[in-house]
Amino acid sequence: MNKSDLVRAVSEAGGVARHEAEQVLDAFVSTVMAEVNAGRKVALMGFGTFVPSKRGARTGRNPRTGEPVTIAPSRGVRFTTGSIFKSVLNKGGTIPVPPAKKSTSTASARKATATRAGATKASARKATATRAGATKASSTRASARKATATR
């Protein structure tokens, strides 16, 4: 699964637009990077923990020539899986399902309301036109029947 697949899956599971899911995912990744870079661990209960690590300077070997090479100290990150994640992987536990989406965005709520209002107005116009057309058609049929009956 690559980033676009993950964004698609998160947007479908969370019931949000794809661009919103991508913004949230990008914010998550940058926040985790910033916290780990600052030397702090990031723990997501049940999922796992990102812990910064340090590797000291050491001596390695050039694989081509066999010469000793000094490797500079570096920093990295370790990920330790959480208990729920481990149980899903090892014991076939159930994957937690995200709760149903609650409308929190006022802009999307306004858009949905406007769409519903527009649909209601259009439906009302259509229904009125249909009723008017039906009345007109039925009165035409009635007068045609009357004319046939009098002949």
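Phe79 is partly exposed, its relative accessible area being 37%. This residue is described here from a predicted model, in which Phe47, Phe50, Phe79 and Phe85 come together as one aromatic cluster.

The structure contains three aromatic pairs. One of them is the stacked pair of Phe47 and Phe85, whose rings lie 5.3 Å apart from centre to centre, with 15° between the planes. Phe47 belongs to the loop between strand 1 (42-44) and strand 2, whereas Phe85 belongs to helix 3 (residues 83-91), so that the pair links distant parts of the chain, 38 residues apart. Phe47 has a relative accessibility of 38% and counts as partly exposed, and Phe85, at 25%, is likewise placed in the partly exposed class. Phe50 and Phe79 form a tilted pair, with 4.9 Å centre to centre and 50° between the planes. This pair, too, links distant parts of the chain, since Phe50 is in strand 2 and Phe79 in strand 5 (residues 74-81), 29 residues apart. Phe50 counts as buried because its relative accessibility is 17%, which is under the 20% cut-off.

Strand 2 (residues 48-55) also includes Ser53, which is buried at 12% relative accessibility. Beyond its neighbours within four places in sequence, Ser53 is in contact with Ser74, Arg75, Gly76, Val77 and Arg78.

For the protein chain as a whole, four helices and five strands are found, arranged along the sequence in the pattern α-α-β-β-β-β-β-α-α. Of its 151 residues, 9% count as buried, and the chain exposes about 12200 Å², of which carbon and sulfur atoms supply 60%.

Terms used:
Residues are numbered from 1 along each chain as its sequence is written. This is a predicted model: local features need pLDDT of at least 70, side-chain atom pairs count only at pLDDT 80 or more; totals for chains, interfaces and linings use all residues. Side-chain values use heavy atoms; hydrogens and water are left out. Helices (H or I, at least four residues) and strands (E, at least two) are DSSP runs, numbered from the N terminus. Buried means under 20% relative accessible area, exposed over 50%, partly exposed in between (1.4 Å probe, protein chains only). Contact means heavy atoms within 4.5 Å. Accessible areas come from the Shrake-Rupley method with a 1.4 Å probe; for residues, only the protein chains shown count as cover. Rings of Phe, Tyr and Trp (its six-membered ring) pair if their centres lie within 6.5 Å; planes under 30 degrees apart count as stacked, over 60 as edge-to-face and the rest as tilted.
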